[in-house]
Amino acid sequence: MRIRFLGAAQTVTGSCHLLEIGSKRIMVDCGMFQGSRPIRERNYQSFLVPPNSVDCVLLTHAHIDHSGLLPKLVKHGFSGPIYATQATGDLLEVMLPDSGHIQEVEVERKNRKARRAGKKLIEPIYTVDDAYKTISFVRKVKYNEVFRLDNNITARFLDAGHILGSAILELWIVEGTRQTKLVFTGDLGNLNAPFVNDPAAVEEADYVIMESTYGNRLHKDRENKLELLKEVIHETYQKGGNLVIPAFAVERTQDLLYDLNQLARSGQLPPMKVYIDSPMAVAATNIFKKHPECFDEETRLLIREGFNPLALPGLTFSVTADESKAINEISGGAIILSASGMCDAGRIKHHLKHNLWRPESTILFVGYQASGTKGQRLLAGEKTIRIHGEEIAVRADIRNIDGFSAHADQKGLLNWVRQFKTKPKRIFVVHGEPESSATLAELITKETGIATNVPVWQQEVELTQEEPLTREDIQKAYNAVFEKIQALLDSGSGTGKYAEILNRLNNLENYLSSCSK
């Protein structure tokens with residue numbers, strides 16, 4: 001059995017791992033690459049294996065960097081089952097068509113320019129129709145339900161606590177007389193996050209493929225994020241501008257609604273109109289309401305007490321293009337939540353275009369910004385940003401609240417690893433920028449003794465080959481033999497073979513002495 005790292009290797013996006021078990025091929029996640037141009041261009045390259053040779057896909061969650069190339073896989077020949085949790089399956093029904101629509105719109109805009117310039121036209125990676133076809137292959141599975149992929153492979157999804165429906169994947173694979181257990185963390189969430197449960201503990205595994213998005217840093221604003229949010233809102237209100245919040249349509253938008261509700265209930269929200277301008281966010285919010293089984297106890301208690309954390313007085317959902325355009329006529333007093341969270345696609349680009357140049361407005365980032373994205377560039381202090389072919393001056397206040405992240409930070413990731421009672425042979429650290437992955441890998445080995453590896457893109461690793469014995473392995477064997485011989489000598493039953501036993505012990509001790517440390 002071997003694993004091939006086809007995405008999210010020393011980069012955060014494009015999560016995709018291929019398991020080859022004999023003639024069987026299993027893909028875990030099939031995500032879109034986001035970030036700098038060289039990274040995004042990977043989306044246009046051919047798959048490294050023929051899509052029709054992949055037997056099935058196991059999907060950890062619905063975020064586009066984990067699911068966004070599924071329609072491309074289907075477009076080019078894949079026709080097997082796509083296993084996902086029930087909530088993830090429901091989210092895919094809105095997220096994948098939305099992704100296809102964004103690509104169609106972006107390509108049409110680029111092709112208009114290409115026609116005028118006499119250049120070659122391009123086609124979208126996939127279309128809305130490709131996305132709907134993909135949805136027909138989804139098989140929804142309950143959390144904690146063990147399901148069989150074939151006679152030798154079983155799987156289970158556990159709650160990852162990242163977004164609604166997010167999962168840790170456990171795989172048990174039998175080859176001959178040997179069983180190997182693999183664990184894919186997907187994206188791990190924080191403790192005590194709104195709505196979702198804490199990440200499930202896993203106590204044993206042979207190999208772990210683990211995310212490292214925040215592997216080299218700690219969340220700064222977890223404890224006071226609500227107070228910081230209130231401050232930014234009041235500052236913008238007093239300036240007379242708009243507060244624009246790039247927010248992922250799934251989880252981040254709902255988390256912000258949760259906190260805006262808290263401010264409203266306590267009388268701390270100024271008279272600003274709140275807009276959610278994202279058809280996908282509107283649909284995702286409705287899907288949240290369908291899955292109370294995914295909510296944590298705190299959210300269930302609020303609902304039992306009659307408080308709906310997804311309802312807010314004066315909240316306006318914008319679905320149509322005309323409704324979205326109307327928001328751009330508002331010069332002040334609005335809180336605008338729109339996708340995408342990294343500002344590289346979707347309606348958020350229009351709201352940035354109409355607000356970035358206005359010093360009375362504020363752009364507030366509440367999520368991870370991958371290297372090379374417009375969001376990361378704004379946070380880095382760039383003074384102009386090109387949007388839809390136009391250079392826009394950055395005069396608005398650019399703010400960031402780190403505590404809204406749906407990813408576990410370094411401490412959370414290390415604490416999750418410490419829960420293993422039977423330590424894995426190796427942890428492969430993925431889904432992080434190079435420094436983040438390397439830092440986490442080093443810490444894991446230092447603090448737990450578990451071997452780690454930070455794979456590069458397209459690397460192949462054989463998992464079930466016999467690993468060479470270490471000096472520690474041999475020392476353990478020596479100690480076990482010595483104790484057994486000592487017991488025989490003590491009982492008198494081994495005295496006849498004393499010379500032979502002593503000779504073997506001496507040979508083993510000499511071998512140990514010759515081993516490098």
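Cysteines. I took a disulfide to be a pair of cysteine sulfur atoms within 2.5 Å. By that cut-off I found zero disulfides in the structure.

Ground rules. This is a predicted model, so I kept in mind that local features need pLDDT of at least 70 and side-chain atom pairs pLDDT 80 or more, while totals for chains, interfaces and linings use all residues. Residues are numbered from 1 along each chain as its sequence is written, and side-chain values use heavy atoms, with hydrogens and water left out.

Burial. I called a residue buried under 20% relative accessible area, exposed over 50% and partly exposed in between (1.4 Å probe, protein chains only). Cysteine 30 is buried, at 1% relative accessibility. Cysteine 343 is buried too, at 0%.

Cavities. On a 1 Å grid over the protein atoms alone, a cavity is a set of points where a 1.4 Å probe fits but cannot get out; lining residues have an atom within 4 Å of a point. Points are joined across faces, edges and corners, and a volume is the space filled by probe spheres set on them. I got three cavities of 30 Å³ or more.

The largest cavity holds about 180 Å³. It has 15 lining residues, and Leu6, Phe33, Arg42, Ser46 and Phe47 are the closest to its centre. I sorted linings into nonpolar (Ala, Val, Leu, Ile, Met, Phe, Trp, Tyr, Cys, Pro), charged (Asp, Glu, Lys, Arg) and polar (the others, Gly among them). Here that gives nine nonpolar, four polar and two charged.

The second largest cavity is about 80 Å³. Nearest its centre are Ser15, His17, His66, Gly186 and Val430, out of 15 lining residues. Its lining has five nonpolar, seven polar and three charged residues.

Helix α4. Helices are DSSP runs (H or I, at least four residues), numbered from the N terminus. Glycine 118 follows α4, with a positive phi near 70°.

Notes:
On a 1 Å grid over the protein atoms alone, a cavity is a set of points where a 1.4 Å probe fits but cannot get out, and a pocket is an open set with protein on both sides within 12 Å along at least five of seven lines; lining residues have an atom within 4 Å of a point. Helices (H or I, at least four residues) and strands (E, at least two) are DSSP runs, numbered from the N terminus.
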